[in-house]
Amino acid sequence: MTGKHRARPMALLLIIPVLSACNPFSEARPMLDEYVERVARVLETEPELSSPEPAEQIPRRRDRVLAMPELDLGMLDFLSLYGCELQFVVGEKNSVMGRVMQPLNRLRYEVRFIEAARECLPEVDDEELEEVLDEAIESKRESLPIAVWNAIWGVEEVENLFTLAKGYYPVAPEGDPVSDLAVDAQQLNAATARLLDKKVDVSLDFAGNVHQRWQAEYRAGQLINSARLLAARLDDATGLLQERLKGHPLCLNGKPNNQSDIVQNMFFSVYIGEIQPYMGEIRRARNALIEPLARLAQQQEGVMPERFREWYRRHLSLSAEGSLWLELDQAMADHTRAWQDLLGQCGLRPGA
């Protein structure tokens, strides 16, 4: 093979990334900006790109972590004197490492304490110890929701899952970017429901892997970014469509014309061909990931810190007043209606 022929494949490889970079439909921001500009172009008006509604990072850890009630040290020392399994559980907590437990390990400790104390109770023949043990079990059961909350929403890893610094949810992603995260959320919901029902026969072995995935992936934050941008750009385009609806009709006497053909072609090639699939992908990923995470937080509203509650209602809840996801649903509905009304002027109403 000559040098000339060897160079050709290399040249093609260099051209491909350039072509990809020039394709506005390969990434969310340029695609949605381009869509508004094309709507404006076919309607012979000027595009106006608004600023998406601001989003907030998940509250700082100090605003998320709840103070965990501690048993009286004298009670712990008293319990540590007896030979059942509880002695070793208490000893572990009193160790140097036990005093700086991470939230997930603290939850594991609380569950093990309750289990060990319950198992120890039938072996106790000392009335004073039995009374102390009963009191300790009840105290741990009452504070369990706080330990559960901290092990989910008080960990550093959840900040990565919701970071807003990783851009937008991908257009036409390969595979399912949120599948593992969605399974994690379902597992956490099931485990949390049992723990909040004071049922401690729950395996937490899976939870460490969940935190590792949260540390490595940031899909929830990307979905929030995309929802904000999508709602803003749909509203921008809806404004252009409504402006035309208030002005000179696209078609006289309901008869298509050259401009309506151009508008309809853009509707099918860009809106139906590019924008709607992305809208569907965002909605599917929201249902798979954001919805179970919202349910997870809602289960724990009884201990939810106020600062987190404000963030949850805006960024996680699908139904709270001011919810980002409600705004997106409304933007989608308004945009669909505007297209139907405009094309309906020409007897081209979608779905008719």
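**Figure 1. Confidence along the chain of the predicted model.** Across this predicted model, the mean pLDDT of the chain is 90, and 89% of its residues reach 70 or more. Over residues 1–20, however, pLDDT stays under 50, and for this stretch the model has 2 contacts beyond four places in sequence. Where pLDDT is low, the predicted coordinates should not be read in detail.

**Figure 2. Close-up of helix α2 beside helix α11.** Helix α2, spanning residues 28–42, has an axis that comes within 9 Å of the axis of α11, and the two cross at roughly 5°. An angle under 35 degrees counts as roughly parallel, and α2 is therefore described as roughly parallel to α11. On the α2 side the contact is formed by A28, R29, L32, D33, Y35, V36, V39 and A40, which meet L229, L230, R233, D236, A237, L240 and L241 in α11. Sorted by class, the residues of this contact between α2 and α11 comprise 11 nonpolar and 4 charged, with no polar residues.

**Figure 3. Close-up of helix α11 against helix α12.** Helix α11 (residues 219–246) and helix α12 (residues 258–299) have axes that come within 11 Å and cross at roughly 150°. Because angles over 145 degrees count as roughly antiparallel, α11 and α12 are assigned to that class, and their crossing is left-handed. From α11, the residues R219, A220, L223, S226, L230, L234 and R244 take part, and they meet Q259, I275, Y278, M279, I282, A285, R286, L289 and I290 in α12. The residues of this contact of α11 with α12 divide into 11 nonpolar, 2 polar and 3 charged. L230 of α11, listed here among the residues that meet α12, is also one of the α11 residues that meet α2.

**Figure 4. Close-up of helix α12 packed with helix α13.** The axes of α12 and helix α13, the latter covering residues 306–315, lie 11 Å apart, and the helices pack at an angle of about 150°. The pair α12 and α13 is therefore roughly antiparallel, and the crossing of these two helices is left-handed. Residues I290, A294, A297 and Q298 of α12 make the contact together with F308, Y312 and H315 of α13. By class, the contact of α12 with α13 holds 5 nonpolar and 2 polar residues, and no charged ones. I290 of α12, named in this contact, is also among the residues that meet α11.

**Figure 5. Close-up of the disulfide between C251 and C346.** A search of the whole structure finds 1 disulfide, which joins C251 to C346 with an S to S distance of 1.9 Å. The torsion about the S-S bond of C251 and C346 is about 90°, so this disulfide is right-handed. The pair links distant parts of the chain, with C251 in the loop between α11 and α12 and C346 in the segment after α14 (324–344), the two cysteines being 95 residues apart.

Key: Residues are numbered from 1 along each chain as its sequence is written. This is a predicted model: local features need pLDDT of at least 70, side-chain atom pairs count only at pLDDT 80 or more; totals for chains, interfaces and linings use all residues. Side-chain values use heavy atoms; hydrogens and water are left out. Axes are lines fitted to C-alpha atoms, for helices over the stretch in contact, and angles run from 0 to 180 degrees between N-to-C directions. Helices (H or I, at least four residues) and strands (E, at least two) are DSSP runs, numbered from the N terminus. Angles under 35 degrees count as roughly parallel, over 145 as roughly antiparallel, 65 to 115 as roughly perpendicular and the rest as oblique. A crossing is left-handed if the near helix is turned anticlockwise from the far one by less than a right angle, and right-handed if clockwise. Contact means heavy atoms within 4.5 Å. Ala, Val, Leu, Ile, Met, Phe, Trp, Tyr, Cys and Pro count as nonpolar, Asp, Glu, Lys and Arg as charged, and the others, Gly among them, as polar. pLDDT is the predictor's confidence in each residue, from 0 to 100. A disulfide is a pair of cysteine sulfur atoms within 2.5 Å.
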